[in-house]
Amino acid sequence: MTAFGKLIRTTAFRLTLVYLFLFALFAASLLAYFAWNTRRLITEQITTTVNVEISEITSIYNRRGLHGLLTTMGNRALRPGANLYLLTAPNGQALAGNVGSLAPGVMSVQGWSETAYRRFDDLDKTDHRALVRVTEMDNGFRLLVGRDLEERRRLFGIVAKAAQWSILVVVVLGIGGGIFVARRVLRRIDAMTGTTKRIMAGDLSGRLPVGRSGDELDRLAENLNVMLERIEALMTGLKEVSDNIAHDLKTPLTRLRNRAEEALARSSSEADYRAALERTIEESDGLIRTFNALLMIARAESGQARGNMDDFDGADVANGIHELYEPLAEDDGMTLQVKTAPAPIHGNRELISQAVANLVENAIKYGKPEPGVEPMKADAREILIEARREGDQVLLSVTDHGPGIPEGDRKHAVERFVRLEASRTLPGSGLGLSLASAVATLHGGELRLGDAHPGLVATLVLPARAGGSDRLAAQTQDVPQKAA
């Protein structure tokens with residue numbers, strides 16, 4: 001398709017033509033209305049003038065008789081101008097006036113009429129048009145008084161020519177403006193099309209150009225760029241998940257297979273087989289927990305969990321997690337404390353509970369003082385769960401006094417399958433912080449990792465429920481599924 005063909009097919013050009021047609025139609029209607037009113041006004045002025053003259057001539061005839069009438073008609077016929085006069089006898093013979101000829105039958109009909117005529121003093125011998133009135137006087141005499149319509153015709157011609165030029169100028173400017181607007185829009189659309197082709201070819205880093213006008217195309221481009229950034233992030237996350245699954249799940253699957261093969265090759269008693277099956281079941285449970293955590297992260301990142309949101313108190317979540325994990329912490333030599341205040345939230349209770357549970361599990365596993373290092377605080381083995389409201393935000397935090405996470409690694413720590421423990425001697429899949437971060441993002445918040453001096457403060461920052469100042473009663477017990 002040629003450039004001109006693309007140009008005339010654009011929506012902007014077609015809309016310009018539609019508006020041009022409507023504007024031209026409006027202008028033509030306005031000029032036609034003006035011309036019609038001008039014609040009507042001139043006609044009214046002619047009829048008024050003719051009626052006044054007939055009244056004056058009739059009055060003179062009544063006072064001075066036929067001789068005075070003939071004298072008056074002769075004098076008025078000699079005046080320069082566009083007025084017409086004619087007096088005829090009962091037999092139709094012209095007695096006085098400046099009209100040389102009329103269309104047949106004009107003098108036989110009283111009243112107003114528009115007719116062709118010639119004056120006595122016309123040199124070009126061409127017919128003219130006039131608006132005349134015929135009146136019958138006493139004794140059968142007929143009086144014609146009228147006015148030439150050349151003035152009306154010229155004025156109407158001026159208006160008609162102005163209308164023609166006006167419409168021509170409107171059409172030229174409209175088409176020129178339409179081409180200009182269409183070319184400008186077409187350039188922007190072509191730029192967007194080129195970017196979309198690169199994106200479809202696999203370059204997800206491409207972004208639509210955004211101008212400085214802030215018009216609807218710029219707003220559309222900005223929204224599409226946000227969407228593209230989200231798609232790129234999801235595709236990158238999908239690739240990372242695929243790579244991480246291939247690397248991180250290969251080891252437990254291989255270990256599972258080797259244990260089963262070893263049991264078949266070396267076990268000689270029912271107790272050996274039972275021990276092998278128990279280890280296989282334990283390893284399978286770990287894999288199931290990993291896949292369940294991935295599914296929960298996928299639900300959170302895709303926004304599918306928004307349909308299960310409700311109003312609840314974050315303090316109840318913190319208290320439920322404390323009650324559930326307190327025995328586990330004590331078995332591991334840790335002390336689990338809870339400190340709560342009313343924290344109204346509108347969200348998915350299951351996911352938020354799971355996120356807080358993951359933070360507590362990480363604190364129990366990694367929050368112990370480093371071996372060989374004398375604790376600086378008496379509460380070095382204490383883990384604190386807090387729930388409180390600050391302004392329009394609800395903070396659900398878990399604080400431990402272990403080695404913490406270096407500031408440079410905190411951003412990397414929330415990625416999937418990332419475990420900062422180099423030896424990987426502790427159980428886990430590296431999905432706990434990833435799930436907590438995804439849950440916070442789903443609710444319009446964020447996961448903050450801070451320093452407890454020493455230790456780590458992991459905080460879920462969530463929007464507080466509007467108007468929720470009273471503590472809500474807990475309706476169900478939080479029994480989260482282990483994910484990390």
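Two strands pair if DSSP finds at least two bridges between them; strands (E, at least two residues) and helices (H or I, at least four) are DSSP runs numbered from the N terminus. The structure on display is a predicted model, in which local features need pLDDT of at least 70 and side-chain atom pairs count only at pLDDT 80 or more, while totals for chains, interfaces and linings use all residues. Residues are numbered from 1 along each chain as its sequence is written, and side-chain values use heavy atoms, with hydrogens and water left out.

**The whole chain**

Begin with the protein chain coloured by secondary structure: 10 helices and 13 strands are present. Of its 484 residues, 38% count as buried, that is, under 20% relative accessible area with a 1.4 Å probe, protein chains only. Among contacts (heavy atoms within 4.5 Å) with a separation of 6 or more, 64% join residues 24 or more positions apart.

**The six-stranded sheet**

Next, select β1 to β6, which make an open sheet of 6 strands in the order β2-β1-β6-β5-β4-β3, with antiparallel pairing. The edges are β2 (94–97) and β3 (99–102); each has a single partner strand, so one side of each lacks a neighbour in the sheet. On average, neighbouring strands of this sheet are turned by 35° against each other, direction ignored; the angles are taken between axes, which are lines fitted to C-alpha atoms, for helices over the stretch in contact, and run from 0 to 180 degrees between N-to-C directions, unless direction is ignored.

Proceed to residues 83–88 and 142–148, the strands β1 and β6, which run antiparallel and are joined by 6 bridges. Leu-86 has Leu-144 of β6 as its bridge partner. Then display β4 (residues 111–119) with β5 (residues 128–136), an antiparallel pair with 7 bridges.

Move to helix α7 (residues 314–331) and α8, whose axes come within 10 Å and cross at roughly 35°. The contact includes Ile-321, Tyr-325 and Leu-328 of α7 and Val-356, Val-360 and Ile-364 of α8.

Now select helix α8 (residues 349–366) together with helix α10 (residues 432–442): the axes come within 9 Å and cross at roughly 145°. Among the residues that meet are Leu-351, Ala-355 and Leu-359 in α8 and Leu-435, Ala-436 and Val-439 in α10.

**The nonpolar cores**

A nonpolar core is a set of buried Ala, Val, Leu, Ile, Met, Phe, Trp, Tyr and Cys residues joined through side-chain atoms within 4.5 Å. In the largest one, of 41 residues, select Val-360, Leu-396 and Leu-460, which touch the most other members. Elements giving two or more residues to this core include α7, α8, α10, β11 (393–399) and β13 (456–463). With 9 residues, α8 gives the most.

Centre the view on Leu-396: its contacts, not counting residues up to four places away in sequence, include Ile-352, Val-356, Ala-387 and Leu-460.

Methods
Buried means under 20% relative accessible area, exposed over 50%, partly exposed in between (1.4 Å probe, protein chains only).
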